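Open the model in your viewer and keep the selection tool at hand. We will go stop by stop.

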Amino acid sequence: MDFTAIQENASRLGMRIQETLSEHTRDLTLVRGAGYLDGAEDTRNIRKQLDSNSDRDKLDAMKRLVALISKGRNVSEYFAQVVKNVASHNLEVRKLVYIYLLRYAEAEPDLALLSINTFQRDLADGSPLIRAMALRVLSGIRVPMIGSLVVLAIKKCAADVSPYVRKAAALAIPKCFELDTTHQPALISIIGTMLGDRSPLSIGCVAVAFQAVCPTRLDLLHRHYRRLCRVLVDVDEWGQVDIMNLLLRYARTMLPRPIVTADGEDVDKDLRLLLSSCEPLFQSQNPAVVMAATRVFYYAGTASYHGKIVQPLIRLLAMSKEVERVTITHILLLSESLPHLFSPHHVRFLIRSTDARPVKLDKIRLLLNIINPDNYQAILREFIDYADDTDDEVVFAAIRAVGRCAALAPESSQQCLNALTGMIRSRQEAVVSGAVLVLKQLVQTQLSTGVAFGQKSPLEIIAQLARRVDDIRHAQARACVLWLVGQYGAPDGESVAEWAPDVLRKAAKSFMTEDPLVKLQIITLAAKLFAVQPGDRTLGLLAAYVFALARYDANYDVRDRGRMMAALLAGVAPASLMADAEKPERAGVVLRREQVKMVLFQGKGSVVPDEPSPFEKATSLGTLGVITGKPALDSLLPDWLEQGVESVIRDNEDEQPVAVAPTAISSAQVRSSRGATPVVLTPTSSSPAPTGASRAPYTDLDAFYASEEEEEEEGEEEGDGEESEEGEEGSDDGSEDGESEPGESGSEEEEESEGEASEKSATRDFYAGT
C-alpha cells in the first residue's frame, strides 16, 4: 500500500475522532464550567432557565447559582424556582438542586418544607443513589420541626437492601441527633439494629453514629463484638479507624486485664481475637489506619505484642512530610515507655537538612530517649554535628543533648566535655552561649552529686570559661559564667581563686553597657568575693565601685540588688563599701561574716532539673493532644477490669461454627460408586460406607496408607473374579450381537487405574489437610 494513502487515511481518521469527541463532550462544557467562576455575574436569565423545559438550560442555571454561592453571593431569591426542580429526571440537575437546598434550607425553613414531600417520595425511588441522596439532603435540612420525619426516613433506609443507602442512613443519625437530642432513644434503637449489618460498606459509618449518639452504651456491642473483629479487614479505611477505636474502648471496659507472669501471658481469647484481627491492618496504605492499629496494640496488647508496632511506624516516615511530623511525635511518646524497641533503628531517626524545625527538635528528643551503650557514640557524633545547624533553636537543643549524653552514657562524658569546650571557641554566638549553659549544668551536677564527668575538674572548666568571658556576648551565657565564678571561685571558703578578681575587674569595667541580667550577676559576684576575703583592699574597692554604679542604674531591679548587697555586707566591712555620708543608722540585726556567707552561698548550687517531657501525663496515643501537647479529655481510655464481664454474653448463635468430622473414603468405596453418582469430597457429620464395613477415621497417616494397600490387594483379587465372569458374559453378548469392539477391556482397565490413582491422590491431600 502506498505511504501517501496511509497518511491520508490516518489524517481522515484523526479528524473523525476529533469530531466525535467534540460532539460527545459538548454537554460537559469544560471550558464554560471554568467561566462560571471567572466570568461576570450575569443573573438576568436564571429564572427563565429554571422554568424552562430544557434540562440543559436548567443545568446551566444551577451551575451559575452554585458559582455565585461559592463567591459569597446571596441567591436565596431563587429558592422557589429551584425547589420546583427537585423532582427533575436529570441527575446532574438534581444534585445541584440538593446542594442549593443544603445551603439555604436553614435560612428559609418555610420554603424548604415545600420539598419534604419530594424527598419522601425519593426515598422509595428505584435507584439506590437517589434514595441515599434524598436522605442526605433531608437530614441536612436543619429545621427542628421535621426531626420526626427524619427519624422515620432513617429507620426506613436503615432496612434498605442497598448497603450504600444504609451507609447514608448511618451518616444521617449524628445529624439528626445534633438537630434534636430528644430523638436519642429512637436513634439508639436504630443503631442497635444496624450493628448487625453484615455489609463492610456501612458498618464503619454505624461506628461513627455510635460514637456520636451513645458512646457509653457498650452493652449494645456484646453480640456483635466478634463479628466486628472478623469483618474489620474488609471495612473501608476510615471505617476501620472508627471501629478499632470503638473496639478498644470495649476491650478496656468489658474484657479482663491481660496477666503477665513468669510462666507466660494470660490473654483473654476475645482480646486475642481483636489483636489478631488488627494485625493485618499494619500493611494499610492509610497512615490513620496504621496509627489506630498501633493504638490498639499499645493499650490492649502485652509486651509480646508491642514489638509488632515498630516496623509499620518506621514505614510511615517515608510517606510524606506531614505524615512524618505526626509519626515522629507518636514514636517520641512511645519511646518514653518503650525505648528498647526503637534503639536498634536509631539510624531512621537522624535529622535531614530538609526537615522542619518541629521535626528536628522531636528527633533530637527521640534520639536522647533511645540512647544506650550500643549506639551512644553514633548518636553523640550526630548531636555534635547538629550544633552547626542554621536554626539557633536546633543548635541549643543539640548542645543540650550533648550534655545529656554525659549523664545518660557515662562512658561518653570525656568526649562530651571535649566537644563542649571546643564549642566555646566557636565564632557563632548561639553555639558559645549554648555550650556555656550546658557546661554550667555539668559543673553543678558534678559538684553537687560527686559524679565525675571526664578528666577535667570543675575548677579547671570554670577557669577556662572565665578566661573567655570577654568573647561570650550572649547575656544569659555571660551571667552563667559570672555565677560560676562567684559560686565556686573560693574552693576552700577562705580565699578566692587567683583569676576570680580579674573577672570582677573586667565585669565592673563594662558594667554600664551590660544587660540587666548580667548586671545582677556582677553585683552578686562582687558581694560573694568580698564576703570570702573582706580584708582584701582591691576586692573592697571593686565591690564599692560596683555598688555605686548599681545605686544609680536605670533598672530598678539592679538598684534594689545593689542596696540589698551593700546592706547585707554592712556588718562585714561597712567602711569600705559606703561613704560616710551614706552610712545608714545602725538598726536591727547586723549579720556576721559567717552568716553572710551562708546567705550568699548555701542552697545556691542545686542541680538544674532535666528538660521535662513535652507530653502531659494524660496524653493518649492517637489523639490530637500528641501534637498540641495538651491532653484531649474526650479520648481518655477507661482502666482495665480485673475480671471482666462474662464471655458468654458475646456468643452469637448465628455465628457458631458447626464442628464436622471428615469422611473416610476408601478405594473400594470409590470403585463401588463408579457408574453411579460421582463421589464429592465434602465432610459430613457421619461417614457411612456404601459397601464394606465402616471404619473410624485414622489419626496416623502411615497406618491409613497401609490399610489402603491391603484393601487394594483384596480388591484386585475380587476384580479378577469379576472380570472372568464379565468376560464370559461379554463373549455371549458378542456372539449374540455379532460384533465386538477390540481394545475395549484395555481402555476400561486404563480408566480404572487412572481413576484409582486420582482418587488416592485426592484422599491423600484431603487427610493431609485435615
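Select the whole protein chain. Of its 770 residues, 44% are buried. This is a predicted model.

Switch to the cartoon view. What does the secondary structure of the protein chain come to? There are 37 helices and 2 strands.

Next, look at the contacts. Take those in the protein chain with a separation of 6 or more: 67% of them join residues 24 or more positions apart.

Now pick out the cysteines. Select Cys157. Is this residue buried or exposed? Cys157 counts as buried because its relative accessibility is 1%, and the cut-off for buried is under 20%. Move to Cys480. Its relative accessible area is 8%, so Cys480 is buried too. How many disulfides are there by the distance rule for cysteine sulfur atoms? The count comes to 0.

Color by pLDDT. The protein chain averages 78, and 74% of the residues score at least 70.

Two stretches deserve a stop here. Select residues 658-696. Their pLDDT stays under 50. In the model, this stretch has 54 contacts beyond four places in sequence. Then select residues 725-748. Here, too, pLDDT stays under 50. For residues 725-748 the model has 1 contact beyond four places in sequence. Where pLDDT is low, the predicted coordinates should not be read in detail.

Key:
Residues are numbered from 1 along each chain as its sequence is written. This is a predicted model: local features need pLDDT of at least 70, side-chain atom pairs count only at pLDDT 80 or more; totals for chains, interfaces and linings use all residues. Side-chain values use heavy atoms; hydrogens and water are left out. pLDDT is the predictor's confidence in each residue, from 0 to 100. Contact means heavy atoms within 4.5 Å. A disulfide is a pair of cysteine sulfur atoms within 2.5 Å. Buried means under 20% relative accessible area, exposed over 50%, partly exposed in between (1.4 Å probe, protein chains only). Helices (H or I, at least four residues) and strands (E, at least two) are DSSP runs, numbered from the N terminus.
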